[in-house]
Amino acid sequence: MGNRVLKYLSVCALLCVFVFGGLVIVAHFLVTPERIRDAIVPVLEQKLQRKVHLAAVDVSLFSGVTLNHLAIVNPDNDELLVSADKVVLRYQFWPLLLRRVVIDEVRIERPKLNVERRADGEWNLTLSQPPVARANVQTASFLPASGGGGDTIDLLVSDLYIGQGEVIFKDYTLGSPAHIYKLTQFDLRLGNVSFDRESSVVLWGKFNGAPLDVEGTFSLADKTVDLQVVTDGLDLIPLQPYYRHFLDGRLDGLILDSEMHVRGGPSSPLRVDGRVT
């Protein structure tokens with residue numbers, strides 16, 4: 001009896017090995033650098049109306065897809081808008097059985113975002129035609145499935161991680177030279193990103209050199225936020241052009257240390273309470 005059970009177990013183990021090997025072979029031919037590039041680059045260029053440069057695509061069956069040295073530039077003057085050293089896309093293994101590649105997690109390493117507001121008030125990231133809103137979306141989808149029949153690639157992102165990012169904002173509406181503000185060395189995590197439920201956000205970085213910590217939830221459907229915001233030694237003098245008209249007199253120095261609770265949205269008044277020193 002024991003030998004018969006052992007024989008059955010051996011046969012089952014052998015079948016599992018063959019099935020797993022077949023899955024690996026299917027994945028190898030389904031998830032290729034060429035297919036990933038052809039699915040991502042044209043769609044990004046169409047949706048963003050910008051040129052997209054991608055140095056290389058690496059594919060690992062179990063660790064995901066890595067886009068190396070991704071850059072998005074203005075097609076008119078080749079101005080760099082967004083860049084990242086690496087973008088790692090982690091896909092689900094089992095949907096490969098249905099000849100579908102479902103990417104549900106994105107990790108972006110050392111991205112840089114250059115934002116400008118020109119003297120006429122226009123933004124350098126503004127699209128000439130706003131994207132059409134999609135209805136009945138259960139999960140935040142940034143890329144649609146590839147067209148036509150056969151295999152598909154879906155980018156259904158539920159978790160987004162950004163490591164060591166940098167945002168540079170230049171505002172020319174306040175005169176020349178531009179007023180420059182920086183968010184540097186920031187880490188951002190968005191969890192359970194969805195259009196129909198609350199999502200979580202955790203951000204840590206430095207705004208103009210001062211530590212900034214944001215943690216809480218937001219809702220894309222209701223456009224509401226519930227955030228804890230902590231600042232330490234934030235110099236508000238560089239931001240004076242935005243609040244100078246509220247002052248009656250001269251302000252030579254203003255440093256902000258705060259622990260604030262921010263909540264609300266369009267349907268309810270935005271409330272801010274906490275400690276400010």
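This is a predicted model: local features need pLDDT of at least 70, side-chain atom pairs count only at pLDDT 80 or more; totals for chains, interfaces and linings use all residues.
Me: How do I read a nonpolar core, and how many residues are in the largest one?
Reply: Nonpolar side chains tend to be buried together in soluble globular proteins. Here the largest nonpolar core counts 34 residues. Leu 67, Val 87 and Leu 89 have the most contacts inside that core. A second core, of nine residues, is separate. Among its members are Phe 169, Tyr 181, Ala 210 and Tyr 243.

Me: Now a helix. What span does H2 reach from its first C-alpha to its last?
Reply: Compare the span with the expected value at 1.5 Å a residue. H2 covers residues 33-48, which is 16 residues. Its span is 22 Å, close to the 22 Å expected.

Me: Which residues of H2 are buried?
Reply: Look for relative accessible area under 20%. In H2, the buried residues are Ile 36, Ala 39, Ile 40, Val 41, Val 43 and Leu 44. Just after the helix, check the backbone: Gln 49 takes a positive phi of about 55°.

Me: On to charges. How many salt bridges does the structure hold?
Reply: Eight. Then ask where the partners lie. Lys 51 pairs with Asp 78, with the closest N and O atoms 3.7 Å apart. Lys 51 is in strand E1, while Asp 78 sits in the loop between strands E2 and E3, so the bridge ties together parts 27 residues apart in sequence. Lys 51 is partly exposed, at 35% relative accessibility.

Me: Why does the bridge between Arg 117 and Asp 171 tie together separate parts of the sequence?
Reply: Start with the distance: the closest N and O atoms are 2.7 Å apart. Arg 117 belongs to strand E4 and Asp 171 to strand E6, so this pair links parts that are 54 residues apart in sequence. Arg 117 is partly exposed, at 23%. Asp 171 is buried, with a relative accessible area of 0%.

Me: Which residues do shared partners join into one network?
Reply: Follow the shared partners. Here they join Asp 85, Glu 109 and Arg 110. Glu 109 and Arg 110 meet in a salt bridge at 3.8 Å, N to O. Glu 109 is partly exposed, at 24%. Arg 110 is partly exposed too, at 43%.

How values were computed:
Residues are numbered from 1 along each chain as its sequence is written. Side-chain values use heavy atoms; hydrogens and water are left out. A nonpolar core is a set of buried Ala, Val, Leu, Ile, Met, Phe, Trp, Tyr and Cys residues joined through side-chain atoms within 4.5 Å. Buried means under 20% relative accessible area, exposed over 50%, partly exposed in between (1.4 Å probe, protein chains only). Helices (H or I, at least four residues) and strands (E, at least two) are DSSP runs, numbered from the N terminus. The expected span of a helix is 1.5 Å times one less than its number of residues. A salt bridge is a side-chain nitrogen of Lys or Arg within 4 Å of a carboxyl oxygen of Asp or Glu.
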